[in-house]
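Open the model in your viewer and keep the selection tool handy. We will walk through it one stop at a time.

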Amino acid sequence: LVSYLHGLGFKVGIYSSFGGFTCLFFPGSDEPHLAQDAQLFASWGIDGIKLDACGQPVFPEDAYGYNHRMLHTAANAILNANRDMMLHAATMTDSWELYGGRPLPWEARTHANMWVVWGVTETIANVSNAVMNAAYTIQYGSHLIAPGHYPWQGAFDPRGLDLSVLQAGVTMAAMVSAPMTVNSYWPDSVLNLLTNSEVLAVHQDPAAI
């Protein structure tokens, strides 16, 4: 399957979690198995890994220390797998309500190519979500945005969304170099936004400014 998709010009990603199980309760990549899983994914020709926050030990000895260690472990696992795989990381400490508004130190996210912005709404459902997600990015993580290192601001589900919401979300994502995650429902209005040359010129700025 990976070879077929590569033949069509696609990159291929795979999903797991920093814990023993994923958000849908499939096996995750906990600490004892993370390096082994990275090697396996590399052998399949995978180009990117998303490691989610589900399945992590509930209130481990130190959630901040645990997540910092896991980010470091994941980055080393990818390096040791000898394949250029992107790391998209979400950590338990991104749940700011659970941890009293004290996010993991931002510098810990330098281990990942894509990192979840503290305080974001995971699914962009209205204009306020889009604007607030960008505001959190600018307030808490703009100093980390650089080539190869980008904030993730949530996913678009175009079904039922007004065009104004999509326009706001795409605009804000372009301004902060955030990957535009869109589900598989792409009507012409969505395709027109995602292929807008002026928006892409901002979004794809090589310097990520």
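The largest cavity has a volume of about 50 Å³. By cavity we mean a set of points, on a 1 Å grid over the protein atoms alone, where a 1.4 Å probe fits but cannot get out; the points are joined across faces, edges and corners, and the volume is the space filled by probe spheres set on them. Four cavities of 30 Å³ or more are found in the structure.

A word on what you are looking at: this is a predicted model, in which local features need pLDDT of at least 70 and side-chain atom pairs count only at pLDDT 80 or more, while totals for chains, interfaces and linings use all residues. Residues are numbered from 1 along each chain as its sequence is written, and side-chain values use heavy atoms, with hydrogens and water left out.

Now select S29, L34, D37, A38, F41, I49, L51, A74, A77 and I78, which line the largest cavity; lining residues have an atom within 4 Å of a point. Which element gives the most to this lining? Colour α2 (34-43): α2 supplies four residues. Helices (H or I, at least four residues) and strands (E, at least two) are DSSP runs, numbered from the N terminus.

Next, follow I49 into the strands. I49 stands opposite L87 in β3, and β2 pairs with β3 (residues 86-89) in the parallel sense over four bridges. Strands count as paired if DSSP finds at least two bridges between them. On the way to β4 (residues 114-116), β3 runs parallel again, joined by two bridges; look for A89 opposite W115.

Then turn to the largest pocket, where about 660 Å³ of space lies. A pocket is an open set of points with protein on both sides within 12 Å along at least five of seven lines. Of its 15 lining residues, select the closest to the centre: F10, K11, V12, G13 and M86. Elements giving two or more residues to this lining are β1 (13-17), β2 and β3.

Last stop: helix α5 (residues 163-175). Select V165, L166, A168, G169, V170, A173 and A174, the buried residues of α5, where buried means under 20% relative accessible area with a 1.4 Å probe, protein chains only. Finally, find S177 after α5, with a positive phi near 60 degrees.

Methods: Buried means under 20% relative accessible area, exposed over 50%, partly exposed in between (1.4 Å probe, protein chains only).
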